Structure formats: structure tokens, C-alpha cells
Amino acid sequence: MKVRVDSDLCVGHGRCYVLADDVFEADDRGHCLIPNEDVPPELEDKARVGEQNCPEHAISIEE
Amino acid sequence: MSEVESVSETPEMPTGQFDLDPAKPQAIYDMLREHSPILRTELGGTMIARHEDVEFALRHAELFSSDMDAISIGNVRPLIPLQINPPEHVKYRRLLDPLFAPKQVALLENDVRKLSNQLIDDFIDTGECEFNSAFAIPLPCTVFLRLLGLPLEDLDLFLKFKDNIIRPETREPTEYERIQAETGQEIYAYFDKVLDEREQQPRDDMLTGFLEADVDGNRLSREDILDICYLFLLAGLDTVTASVGCMVSYLAQHPEQRQRLVDDPSQIPGAVEELLRWETPVPGVPRVVAEDVDLCGEHLEAGERITVLLGSANIDERGFPQPDNVDFERPANRHLAFGGGVHRCLGSHLARLELRVALEQLHERIPDYSIKPGEEPKYTMGIRAVDYLPLVFTPPS
């Protein structure tokens with residue numbers, strides 16, 4: 001699984017890194033950073049939670 | 001016959017006859033989406049109700065502008081950053097976002113918890129309270145004054161400022177705008193004086209921070225800082241008051257849901273999100289059409305004032321399966337209670353912190369609260385403050 005964030009769409013709702021801080025991190029402004037786009041199997045569910053709770057549909061997942 | 005039944009018999013609501021019960025807006029939202037997804041009203045401008053149209057309007061600031069033409073609230077210059085359009089908008093958000101990012105607001109948690117407990121201490125022994133004045137108003141207002149470094153004795157003055165702007169006590173339009181404009185001048189003058197004091201004697205507070213801030217190599221002008229403070233005053237007080245009021249009112253009327261949070265406080269963060277979705281305390285945000293555009297089969301003209309109905313989008317089944325089911329464990333909750341797009345509520349993370357901590361302390365200390373028998377909560381129009389919320393509960397023995 002790969003997870004990506006479109007930084008043009010992210011406006012810092014912060015849901016992803018609050019709900020799944022193993023996959024998503026925050027920059028200084030509170031926008032989403034993804035340190036590792038390759039998601040290990042044990043974190044796939046977490047990545048999905050982040051994706052499903054982004055109000056801007058800024059996160060995408062490729063399986 | 002209730003208002004809702006009377007309207008649902010007619011296929012379309014007559015233009016301008018938009019009557020919303022602020023205690024139970026959900027049924028009206030459902031009807032709007034079904035029958036009049038774009039509704040022109042006399043007082044609220046043009047209502048946009050469907051989830052996809054709301055998302056579209058929020059994400060296209062170039063078509064649906066949040067500038068000064070969108071709403072009159074007593075200010076003489078654009079509020080910063082809300083009424084600044086992209087691309088200039090981002091330079092202010094770059095300065096302000098870090099101050100309100102989750103990591104930063106987390107530093108306030110202990111303070112917010114202590115304050116919540118102090119407010120509860122003041123009424124817990126009596127077994128009852130009027131929740132709005134005892135908790136919902138003082139919590140966010142005190143947090144706000146502390147954050148900006150302003151004296152707590154100015155609380156009543158701030159409440160007067162924000163009430164005069166948000167809900168002036170008149171229905172007469174000229175008088176309405178006169179009160180707003182006069183209060184606006186008082187707000188500018190208040191902050192101008194405090195900023196003079198901070199220039200003389202800098203302190204470790206946000207206002208001093210603004211005086212020393214660097215934006216693209218420049219200092220903020222005095223007017224810039226006033227335009228930020230004006231917005232903070234309007235955005236920071238009423239919204240959290242309304243949100244905690246809406247949530248506690250809902251929970252007081254749904255004891256099985258309240259009990260869930262008492263039995264398992266780990267559900268509180270999910271409850272905050274779900275109640276933000278279901279209640280949407282700030283039901284709509286104002287925009288103005290920047291250039292002619294077609295939306296949902298209707299032609300909208302440049303200059304037309306719009307209300308983007310966040311509350312309606314948040315219960316649209318096209319965005320939320322089983323939208324009427326208030327589920328604290330909803331797996332996908334992309335609610336728009338804090339708006340969306342570039343103007344996403346700057347204070348959303350602070351609001352979430354205050355709401356979570358408030359619910360944690362209330363459910364720990366007065367777990368069996370309910371509406372006082374024979375009474376009912378009263379909601380305000382516009383921002384849905386529950387300005388009368390009589391509660392009873394078992395006092396500690």
C-alpha cells in the first residue's frame with residue numbers, strides 16, 4: 001500500500017495525524033506530512049482511517 | 001401541526017419563507033436538499049444545501065469569496081485572515097496557523113481542565129445550573145482572554161462586544177447596522193490601546209507576539225493586528241460557547257448516549273466529532289459570488305450573497321451513510337463543521353481541545369445530568385448558542 005497527500009488540497013484539519021500518528025505527521029502549520037509513503041501491512045488500517053476522515057479528500061491510497 | 005409537517009406537504013418552499021427552528025434544524029436541512037437545494041431568501045441570502053455544492057463552494061474561493069462583501073459585521077477593513085482572498089491570504093495563515101496547530105494548543109490542556117473544574121466547583125453542590133451562563137460562556141471566553149494576555153475583568157466588556165456584533169438587540173435593519181458599526185469602533189479602540197501598552201511594555205503573550213511578528217520580511221502593521229484581533233474576538237468566543245451548549249443539550253436529552261461517555265470516556269473524542277457533525281453549531285458560513293457561476297442548475301450572479309449550509313452538508317446521505325444515526329464511532333467522518341478549503345477555521349484545534357476537556361470533566365463530575373423537568377433549552381438563530389440550558393444532576397454527597 002502507498003499513501004499520499006496532495007499538499008494543494010490539505011488545509012490543516014489535522015484529522016489524519018490525530019487519528020493515525022503512526023502514518024501521518026504534522027508540519028509547523030499543522031498540515032499533513034507523510035514521512036514514509038510505503039505503508040507496512042500492520043499500519044494499513046491506520047492509513048485508511050486517515051484517508052477516510054480527511055474533509056478535503058487530500059489523502060489517497062494506492063493498493 | 002409542526003412546522004416541518006406543514007412544509008413537507010408542499011413540494012417547494014416559497015421563496016423568502018425560510019423559517020428555521022434553531023433547536024432542530026436537521027429536518028429543515030433535509031427538506032432544503034430535497035426540494036430547494038439552492039434557496040433565495042430575504043434575510044440569509046442564497047442558501048446552498050447539498051453536500052457536493054457546499055464542498056464546491058468552500059473549495060473555490062475564487063468563485064465564492066469570503067471578502068467584506070459577504071457579510072456586514074461592523075468592521076471597516078477586511079478581517080484577517082477570513083476576509084482576505086488568496087493568494088495574499090496564505091501569508092497570514094503562515095503566521096497564524098502555527099499558533100493554533102494541535103501541538104501548540106495541547107500546551108493549554110492543563111489550564112483548560114483546571115478552569116473547567118473551577119467552573120463546575122461553583123455550581124456542583126446545588127445539583128442544578130443554567131449551563132450557558134455557568135459554563136458554556138465563561139470557559140471559552142476565559143481561555144481566549146488568557147491566550148491573548150488580556151485582563152479577566154474585561155470579560156463582560158468582551159461579551160458585550162461580541163453580542164452586539166453577532167446578535168444586536170433589534171430587528172430594525174438600520175439600527176442593527178448602527179449598533180454593529182458603533183461596537184466595531186469600540187473594538188478597534190480597545191485593542192489599539194492595549195497594543196500601545198504592549199509596545200511600551202512587551203509581555204509573553206500573543207498580542208506582543210503580533211507586534212514582533214515577521215511576515216515575508218515585514219512587520220505587521222497596526223491595522224493588520226487590529227484586523228486579526230477583531231476576527232479573533234468574533235470567532236473565538238461565541239462558537240465554542242455554542243458548541244459546548246449544543247453538545248451538552250443533545251446529551252442531556254439522549255441519556256443512553258450520555259451514559260456511553262460516562263462508561264467509556266475514550267469515546268469522547270469521537271463524540272466531539274460526531275456531535276460537531278450532527279449539531280453543526282455554526283450552521284452556515286457567508287460567501288459572496290465573485291463571478292457569475294452555475295451551481296446545481298441555478299445561475300448565481302456576481303455580488304449575490306450566499307450562505308453555505310455546513311449543517312445541511314453534514315447530514316447529507318451523499319456524504320455520510322445513515323446521517324441521522326448519531327454514532328460516536330462513525331468510521332469515516334469528513335464533517336465540515338469547521339468549514340473547509342483555505343478558510344478552514346483557524347481555531348478548530350483549540351475548539352476541539354476545549355470541547356473534549358469540557359466533556360471529560362462534566363461526565364466525570366456530574367454524570368447523570370438532564371434537562372430540568374418542565375423546562376426546555378432555548379437556541380439562538382444564526383450561530384446556535386443554547387442561551388438557556390437548565391440542567392439538574394445529583395450533587396456529590
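Predicted model: local features only at pLDDT ≥ 70, side-chain atom pairs only at ≥ 80, totals over all residues.

Student: What makes chain B as compact as a globular protein of its length?

Tutor: We set two values side by side. The radius of gyration of chain B is 21 Å, and the globule rule gives 21 Å for 397 residues, so chain B counts as compact as a globular protein of that length. Its C-alpha trace spans about 65 × 60 × 40 Å along the principal axes, and the chain holds 17 helices and 14 strands.

Student: How much of chain B is buried?

Tutor: Buried residues are 55% of the 397 in chain B; to be called buried, a residue must be under 20% relative accessible area. In α3(B), for instance, that group includes His51(B), Asp53(B) and Leu58(B).

Student: What do the buried residues of α3(B) pack against?

Tutor: Their partners in chain B are the strands β2, β3, β7, β8 and β10, along with the helix α16. As for contacts across the whole of chain B, among those with a separation of 6 or more, 69% join residues 24 or more positions apart.

Student: Now the two chains. How do you know how much area chain B and chain A bury?

Tutor: The size of an interface is often given as the accessible area lost when the parts come together. Here chain B and chain A bury about 1600 Å² between them, with 44% of it on carbon and sulfur atoms. On the side of chain B, Arg59(B), Arg334(B) and Arg344(B) lose the most area to chain A, together 34% of what that side buries.

Student: How many residues does each chain bring to the contact?

Tutor: Chain B brings 23 residues and chain A brings 17.

Student: Why is the pair Glu273(B) and Arg15(A) called a salt bridge?

Tutor: The rule asks for a side-chain nitrogen of Lys or Arg within 4 Å of a carboxyl oxygen of Asp or Glu. Glu273(B) and Arg15(A) are 3.5 Å apart, N to O, so the pair meets the rule.

Student: Which element gives the most to the side of chain B that touches chain A?

Tutor: That is α4(B), with three residues. By class, that side of chain B has eight nonpolar, six polar and nine charged residues.

Terms used. Residues numbered from 1 in each chain as written. Chains lettered and ligands numbered in written order. Heavy atoms only, no water. Contact = heavy atoms within 4.5 Å. Buried area = accessible area lost by both parts, 1.4 Å probe. Helix = DSSP H or I, 4+ residues; strand = E, 2+ residues; numbered from the N terminus. Nonpolar A, V, L, I, M, F, W, Y, C, P; charged D, E, K, R; others polar. Rg over C-alpha atoms; globule rule 2.2 N^0.38 Å. Buried < 20%, exposed > 50% of the residue type's maximum accessible area, 1.4 Å probe, protein only.
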